[in-house]
Amino acid sequence: MARAVIALGLGVASGCFHATPYSPAAAQEQWRALRDASAERAPRGREGIDADAATAGPGLTAEQTYALALANSSEVAALEALAETSSAEIQAARQLENPQLRLTGFDVDDVISSQPALNIGLRMPIPRPGTIRARVAGAKVAAEGRRSLSADARRLLRERVFKLYARLAMRSAELEQAAQVVALRDERRVQLAARAEQAVATSVDVAMAEVLYAEAKQAEAEVRIELADVEEELARLAGTRGAVKFQVDPAQLRVESAALDRDALIDRALESRPELHAAHAQLVEAQAQVHLARSEAWPWFEWAQLQYRAAPGGTPTAFGFGVALTLPILSWNRGAIKASRATVRQRELEERARIVAIAGEVDEAVGRVERTAARVAELERELLPAVEEATRQAEAAIATGALDPLVANEIQVRAVTARRTHLAALLEHREAVIELDTVIGEADP
């Protein structure tokens, strides 16, 4: 009896919940701990990445940075924790309801007359046929849908990292071109200054040369800032601090020359896109709710009870058996069935809409890849050869003294501008290819 009282007291005590108010100081302390951990975290030992690769040599590759970003992403970690919670709910769906120990029939009059009696009953709930299986099936697909959300977050994170690496390659190449323009503008400035001393050029020409030189230096500074922004964002995604180098890969600006099969790509997207897995999970959950609602419309034994009447002079055979049968006479649960079927219809339409949307995304992404590839090919076929030929002709003319060096300088500047236009087109094409890979939905191809 004492144990029962103690257990009851512990149960009551454990049932008291005290909500902890939000504490800004606790949040600030947690942020400082995360920041310090990030500052102390070395690339060595994480995803098999050597610290030397991050601080010396060519630096981190795109795959290595993606691995670090994946390990450092709070969003991915939260979604994976949500998926683990959903997996735990599968086991909860399998559990049966606990039996009840019922003590009834204890009357005060019987105690006064020295004839106390007590009915002791053990009541066991009886689940309806198929309800547990339906709940488990719904919990399983819900867990799969939650896991697909983390896969979708990884897919978008990979797109972000690889786009940054494409910009890193483009800005690095553009920085070389900008430095070349600065050198050409400086050469023009020196030439005009010399001509002004010989009274061949005016002070206005010299002043304009200074303006062009200053503009070229500002353009170079802007490219440096943009390059630093890209490296800073990569470091932030990777969760690294200090001197971290990222490997510039010219292959990030390669052109996708292979022919693209739109139907095959759409099939791959419909197979791997996480949204479709999540949409199907919601559909199966709705179908499970229909089964549960329909089962409520049929008569069923809600519980079975084994009971014993304890009384003075009671016999061992004072056992009994009882059941409770629910008769859906007044309510056939039609409203819940109709609502759950409407939800199934809604989920079917949502899944169909996602299929159509994903197919459209793939078609649009393929079109952009093809258009940007055609743009790069056009520049390489027309503009680049033209400026290179003009540069060669200018160099030959200067060698023979038939061309003003200032004109040749301007031709070289235009050649650099054409190459920068080509770099911008390559970046646009590379981003289109990365977006196509993301639309297909393969997070780790």
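Student: What share of the contacts in the chain with a separation of 6 or more comes from residues 24 or more positions apart?

Tutor: This is a predicted model, in which local features need pLDDT of at least 70, side-chain atom pairs count only at pLDDT 80 or more, and totals for chains, interfaces and linings use all residues. Residues are numbered from 1 along each chain as its sequence is written, and side-chain values use heavy atoms, with hydrogens and water left out. Contact means heavy atoms within 4.5 Å. For residues 24 or more positions apart, the share is 83%.

Student: What is the average pLDDT of the chain?

Tutor: pLDDT is the predictor's confidence in each residue, from 0 to 100. In this chain, 87% of the residues score at least 70. The average is 82.

Student: Which element has the highest mean pLDDT?

Tutor: Helices (H or I, at least four residues) and strands (E, at least two) are DSSP runs, numbered from the N terminus. The chain has twelve helices and four strands. Helix α1 (residues 2-14) has the lowest mean pLDDT, 49. The highest, 92, belongs to helix α8 (residues 203-238).

Student: What percentage of the 445 residues is buried?

Tutor: Buried means under 20% relative accessible area, exposed over 50%, and partly exposed in between (1.4 Å probe, protein chains only). Of the 445 residues in the chain, the buried ones make up 34%.

Student: Are α7 and α8 roughly parallel or roughly antiparallel to each other?

Tutor: Axes are lines fitted to C-alpha atoms, for helices over the stretch in contact, and angles run from 0 to 180 degrees between N-to-C directions. The α7 and α8 axes lie 8 Å apart, at an angle of about 160°. Angles under 35 degrees count as roughly parallel, over 145 as roughly antiparallel, 65 to 115 as roughly perpendicular and the rest as oblique. The two helices are therefore roughly antiparallel.

Student: How many charged residues does the contact of α7 with α8 have?

Tutor: Ala, Val, Leu, Ile, Met, Phe, Trp, Tyr, Cys and Pro count as nonpolar, Asp, Glu, Lys and Arg as charged, and the others, Gly among them, as polar. The contact of α7 with α8 has 23 nonpolar residues and one polar. Its charged residues number 16.

Student: Against which helices do the buried residues of α4 pack?

Tutor: Helix α4 spans residues 62-72. Its buried residues are Ala62, Thr65, Tyr66, Ala67, Leu68 and Ala69. They pack against α7 and α8.

Student: Is Lys163 buried or exposed?

Tutor: Lys163 is found in helix α7. Beyond residues up to four places away in sequence, Lys163 touches Glu431, Ile434 and Glu435. Its relative accessibility is 16%, so Lys163 counts as buried.

Student: Which residues does Arg195 contact, leaving aside its neighbours within four places in sequence?

Tutor: Arg195 is in helix α7 (residues 131-197). At 21% relative accessibility, Arg195 counts as partly exposed. Its C-alpha atom is 9.6 Å from that of Asp205, ten residues apart along the chain. The contacts are Val200, Ala201, Asp404, Pro405 and Leu406.

Student: What is the phi of Ala199?

Tutor: Ala199 is found in the loop between α7 and α8. At 68% relative accessibility, Ala199 counts as exposed. Most residues other than glycine have a negative phi. Ala199 is not a glycine, yet its phi is positive, about 65°.

Student: Are α9 and α11 oblique or roughly perpendicular to each other?

Tutor: The axes of helix α9 (residues 262-272) and helix α11 (residues 334-399) come within 9 Å. They cross at roughly 135°. α9 and α11 are therefore oblique.

Student: How many charged residues are in the contact of α9 with α11?

Tutor: From α9, Arg262, Leu265, Ile266, Ala269 and Leu270 take part. Their partners in α11 include Ile355, Asp363 and Glu370. By class, the contact has nine nonpolar residues and one polar, and the charged residues number three.

Student: What distance separates the C-alpha atoms of Gln393 and Ala408?

Tutor: Gln393 is in helix α11. With a relative accessible area of 48%, Gln393 is partly exposed. Gln393 and Ala408 are 15 residues apart along the chain, and their C-alpha atoms are separated by 9.2 Å.
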